[in-house]
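Work through the two exercises below with the sequence and the model at hand, and try each task before reading its solution.

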Amino acid sequence: MSLCKRRGFIFQSAEIYGGFRSTYDYGPLGVNMLRNVKNAWWRSMVQLRDDVVGIDAAVLSPPRVWEVSGHLENFTDPLVDCRQCHSRWRADKLEGPCPSCGSTDFTEARPFNLMFKTHAGPVEDEGAVAYLRPETAQGMFVNFANVLQTTRKRPPFGIAQVGKSFRNEITPQNFVFRTREFEQMEMEFFVPPDEGPRWHEYWIGERYRWYVDLGMPPERLRLRPHQADELSHYSIATSDLEFRFPWGWDELEGIANRTDYDLRHHADASGVHLDYFDPATGERYVPHVIEPAAGATRTMMAFLLAAYDEDVVTGEARTVLRLHHRLAPYQVAVLPLSKKEQLELLAREVLHLCQPHFMCDYDATQSIGRRYRRHDEIGTPWCVTVDFDSLEDRAVTVRERDTTAQVRVPVDGLVAELRRRAEQG
Ligand code: ATP
């Protein structure tokens with residue numbers, strides 16, 4: 001948390017006013033990394049497939065959507081009050097005594113709906129009620145017919161979305177692990193009803209591989225199937241992908257078999273057909289849905305935790321974020337050895353060569369050792385140093401973050417060399 005603040009990954013929101021109820025702002029480094037997490041997801045889930053398309057649906061939505069989806073009735077957490085100090089807690093996460101005062105005297109648990117309610121338009125009456133979406137998934141269900149018609153996709157196919165969701169969490173905690181405003185990366189995969197279980201297994205495997213391919217150590221990941229009594233109201237089977245956080249195993253992503261629950265309810269309520277006619281078999285059916293639902297902000301936090309390391313290089317202790325280059329806030333730092341005009345001229349030329357291909361930082365102040373350590377600490381995989389010899393031989397030094405190995409590379413071949421390294425990893 002301290003590194004995140006000090007280096008500009010994540011700030012407390014409205015910090016100059018004392019912060020605001022577990023909300024966070026992403027700073028210059030955090031915004032790059034969060035984008036990289038979302039882009040890596042989009043690349044794997046949409047770009048590299050021919051059976052998934054994307055949408056970007058509205059955050060504000062009418063009560064009808066949430067009534068029909070079951071969220072108005074069921075999207076609740078059990079709330080208890082401490083009778084001693086009157087603090088409120090989520091009963092299913094409470095371990096005996098009140099975390100505030102240690103009392104064990106609580107009220108009976110009652111359901112607390114997590115949806116944020118607001119009013120759309122200038123009149124604050126019941127007819128103007130709107131909700132901020134607590135999940136992005138309903139956007140895919142209510143657009144199912146639109147997407148089917150406009151893309152001519154046929155099951156099995158998916159609709160993906162990345163965007164903000166809002167939950168009025170009773171006890172937001174653990175930094176950005178649980179916040180009231182967060183970003184999700186969700187995909188609804190529509191399949192013939194009898195193929196649900198097979199596709200469920202398939203997506204569990206794909207999603208696990210995504211984290212590992214981006215450098216997550218497998219020993220910090222595990223799969224945990226839900227017990228029957230913890231399944232969401234729409235699910236017949238869910239497996240959580242869990243990460244070993246500093247406080248123990250906790251959810252990164254849920255992969256659920258939502259069956260035809262959502263499409264069937266929306267079709268019944270709206271009167272619009274949300275089914276698929278298969279011309280090959282002459283059959284009409286409501287597809288079943290497999291949903292990998294991940295949190296972008298929570299995932300970013302897990303990647304940061306997994307990447308954090310301290311080691312000793314050339315006799316000096318350093319902090320290093322061993323982030324995959326696809327996730328690092330900057331891939332390349334261009335560092336002129338000194339602020340001499342001629343060096344800076346060449347360094348800026350190198351920067352402009354690299355910028356179209358990589359997110360780059362340009363850093364000309366302090367000793368080169370301190371600049372290397374600064375970039376180790378924010379996870380920059382490659383530092384490119386322009387020194388006085390560079391003016392003679394038009395070559396630069398490329399330093400690799402993890403090994404600190406340095407090699408001399410001609411300026412004209414630099415982008416090709418960095419791209420070669422990126423493709424390897
Ligand atoms: P929990 O049981 O932890 O409240 P959930 O099982 O209700 O979460 P889902 O509805 O499955 O969560 O949401 C999918 C993903 O969205 C989660 O795995 C998580 O990564 C992310 N997510 C959910 N709630 C939050 C939150 N309050 N803050 C940050 N990320 C969240």
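The model is predicted, and local features need pLDDT of at least 70, side-chain atom pairs count only at pLDDT 80 or more, while totals for chains, interfaces and linings use all residues. Residues are numbered from 1 along each chain as its sequence is written, and side-chain values use heavy atoms, with hydrogens and water left out.

**Exercise 1.** Find how many disulfides the model has, a disulfide being a pair of cysteine sulfur atoms within 2.5 Å.

*Solution.* Begin with cysteine 85, whose closest cysteine sulfur, in cysteine 82, lies 3.8 Å away, which is too far for a bond. Cysteine 85 is partly exposed, at a relative accessible area of 32% (buried means under 20%, exposed over 50%, partly exposed in between, with a 1.4 Å probe and protein chains only). Cysteine 360 is buried, with a relative accessible area of 13%. The count by this rule is zero disulfides.

**Exercise 2.** Work out the order of the strands in the open sheet of seven strands, where strands are DSSP runs of E with at least two residues, numbered from the N terminus, and two strands pair if DSSP finds at least two bridges between them.

*Solution.* The order reads β3-β10-β11-β17-β14-β13-β12, and the pairing is mixed. At the edges stand β3 (52-54) and β12 (221-225), each of which pairs on one side only. Within the sheet, β14 (residues 248-259) and β17 (residues 288-295) pair in the antiparallel sense over six bridges, and glutamate 253 stands opposite alanine 294 in β17.

Terms used
Pairing = 2+ DSSP bridges. Helix = DSSP H or I, 4+ residues; strand = E, 2+ residues; numbered from the N terminus.
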